[in-house]
Amino acid sequence: MMLPILLAASIPTLAQPVIIKRLDGSSISSQTIEDKRSKMMVASCVTGLNIAILNDNKIVYNKSFGFRDKEKLLPLTTDTVMYGASFTKAVFATLVAQLAAESVLDLDLPIQQYLPKPLPDYDNYRDLADDPRYLAITLRMLLNHTAGFANFRWLNPGKKLEIKFTPGSRYAYSGEGINLAQFVVETVTQKSVDTLIQERIFNPLAMHNTSMQWQDRFNDNLAVGHDEKEKTLGHVKRKKVNAAGSMDTSLNDYARFIQGIMQASIISKEAKAIMLAPQIAITTPSQFPTLSTASTDENKQIQLAYGLGWGIFQTPYGTAYFKEGHDDGWENHSVVFDEQKTAVVIMSNSSNGDGIFKELLALLIQDVYTPWKWEGYLPTNCKNRENEPSLHK
């Protein structure tokens with residue numbers, strides 16, 4: 001276990017304009033960011049937006065814009081509790097990488113060897129009884145999304161869990177696989193993932209507005225999601241810990257987490273290297289739908305790949321790693337350029353939020369390398385977005 005690392009004091013106040021260093025060596029002032037950000041939000045009907053920027057591996061800018069609840073005219077703040085969605089997966093992957101570096105887990109051991117009885121003997125995995133391919137699945141496959149599952153079983157005919165392709169053979173993003181990894185971790189450690197993450201990540205980083213399950217104390221400063229027409233969608237109070245996406249968090253807290261990864265303070269350098277090593281090349285033209293077999297060379301130049309819980313790509317400024325989070329009414333994105341010691345965290349409680357991510361990343365740090373088409377970050381405005389189907393189902 002690592003000693004607690006209190007980072008709250010590292011978050012700056014923003015009374016004076018902040019000068020931010022960008023990847024290409026240029027700089028931009030916080031005032032310029034805020035002027036241009038305002039126009040983007042208006043054009044795309046983005047209800048609420050949180051932005052944090054890290055330079056030199058430290059948080060240098062964090063600010064909130066818009067509403068946490070437009071119907072009630074409640075302002076969004078950097079401590080407002082928002083739905084993290086699949087940001088949860090990056091936190092869980094960090095836990096698994098810690099345990100692997102400590103030899104508590106072997107990423108390449110078939111998960112069946114960790115279980116006291118056959119996987120299909122557990123109620124949640126009975127659907128795999130007639131498919132022996134489950135015996136080949138490892139934690140590495142579950143964390144790099146190559147185990148062969150759909151994103152979630154309810155997307156399959158009959159809503160049954162199925163292995164769609166030979167485990168380890170190709171990438172297909174799967175929350176189902178992450179949840180199976182959670183089951184294995186809890187079986188091996190005899191502790192809940194909630195307890196492990198609280199002890200190893202949230203407490204050391206003073207992430208007091210973050211939890212893997214709903215806390216009533218969040219009600220005092222809670223964001224609700226908003227649809228494409230900016231109508232409120234509420235905030236689901238998830239009481240079941242789900243490594244694929246149950247986490248609530250705030251901008252301040254998640255920026256601390258990203259800072260902890262960048263500084264290798266919350267994770268050892270060995271564990272970080274394990275987690276962020278490219279595992280599988282990605283050739284699909286888009287991340288969703290996850291089981292698409294279409295292929296493209298569009299992202300070959302950036303060597304788009306997946307590590308353990310994080311996407312990876314190459315740029316003229318070195319390797320970058322990213323994680324997103326999507327749900328109806330919520331759009332989140334984080335990207336880190338380790339060699340440049342630069343990162344961005346964006347959180348939005350708006351289904352329209354991802355429509356400005358491409359332009360926003362370029363503005364903030366001159367990130368023109370993030371695979372925005374693959375991500376589904378299609379620049380748009382709210383006038384032509386109204387009837388657009390979701391890309392994240």
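Biologist: Does Leu73 count as buried or exposed?

Modeller: Keep in mind that this is a predicted model. Leu73 sits in the loop between strand E4 (58-69) and strand E5 (74-75). The cut-off for exposed is over 50% relative accessible area. Leu73 has 59% relative accessibility, so Leu73 counts as exposed.

Biologist: What is phi of Leu73 near?

Modeller: Leu73 is a residue other than glycine, yet its phi is positive. The value for Leu73 is near 55°.

Biologist: Where does Gln366 lie, and how does its accessibility class come out?

Modeller: Gln366 is not a glycine, but it has a positive phi of about 60°. It lies in the loop between helix H8 (357-365) and helix H9 (372-375).

Biologist: Which residues does Leu361 touch, not counting residues up to four places away in sequence?

Modeller: Leu361 is found in helix H8. With a relative accessible area of 2%, Leu361 is buried. Val344 is 17 residues from Leu361 in sequence, and their C-alpha atoms are 7.8 Å apart in space. Not counting residues up to four places away in sequence, Leu361 touches His333, Val335, Val344, Ile346, Gln366, Asp367 and Thr370.

Biologist: Why are the buried residues of helix H7 on the same side of H7?

Modeller: The buried residues of helix H7 (residues 269-276) are Ala271, Lys272, Met275 and Leu276. They cover an arc of only 120° around the axis, which puts them on the same side of H7. In general, an α-helix has 3.6 residues a turn, so residues three or four places apart point the same way. For H7, the value asked for is the arc of only 120°.

Biologist: Which residues are exposed on the other side of H7?

Modeller: The buried set of H7 is Ala271, Lys272, Met275 and Leu276. On the other side of H7, the exposed residues are Lys269 and Glu270.

Biologist: Which elements do the buried residues of H7 pack against?

Modeller: The buried residues in question include Ala271 and Met275. Their partners comprise two helices and two strands by name: helix H2 (87-101), helix H6 (251-262), strand E12 (311-315) and strand E13 (318-327).

Biologist: Which residues does Ala97 touch, leaving out those up to four places away in sequence?

Modeller: Ala97 is placed in helix H2, and H2 is one of the elements that the buried residues of H7 pack against. At 1% relative accessibility, Ala97 counts as buried. Ala97 and Ile274 are 177 residues apart in sequence but 6.5 Å apart in space, C-alpha to C-alpha. The residues that Ala97 touches, not counting those up to four places away in sequence, are Ile267, Ala271 and Met275.

Biologist: Which residues is Ser30 in contact with, leaving aside its neighbours within four places in sequence?

Modeller: Ser30 is found in helix H1 (residues 30-44). Its 6% relative accessibility is why Ser30 counts as buried. Neighbours within four places in sequence left aside, Ser30 is in contact with Pro17, Val18 and Tyr61.

Biologist: How many Å apart in space are Asp121 and Gly245, C-alpha to C-alpha?

Modeller: Asp121 is found in the loop between H2 and helix H3 (139-143). With a relative accessible area of 37%, Asp121 is partly exposed. Asp121 and Gly245 are 124 residues apart in sequence, and their C-alpha to C-alpha distance in space is 25 Å.

Biologist: What is the radius of gyration of the chain, and what would a compact globule have?

Modeller: The chain holds ten helices and 15 strands. Its C-alpha atoms fill a box of roughly 60 × 50 × 45 Å along the principal axes. With 393 residues, a compact globule would have a radius of gyration near 21 Å, which agrees with the chain's 20 Å.

Biologist: What share of the 393 residues counts as buried?

Modeller: The cut-off for buried is under 20% relative accessible area. Of the 393 residues, the share that counts as buried is 58%.

Conventions
Residues are numbered from 1 along each chain as its sequence is written. This is a predicted model: local features need pLDDT of at least 70, side-chain atom pairs count only at pLDDT 80 or more; totals for chains, interfaces and linings use all residues. Side-chain values use heavy atoms; hydrogens and water are left out. Helices (H or I, at least four residues) and strands (E, at least two) are DSSP runs, numbered from the N terminus. The radius of gyration is taken over C-alpha atoms; the globule rule is 2.2 Å times the number of residues to the power 0.38. Buried means under 20% relative accessible area, exposed over 50%, partly exposed in between (1.4 Å probe, protein chains only). The arc is that of the directions from the helix axis to the C-beta atoms. Contact means heavy atoms within 4.5 Å.
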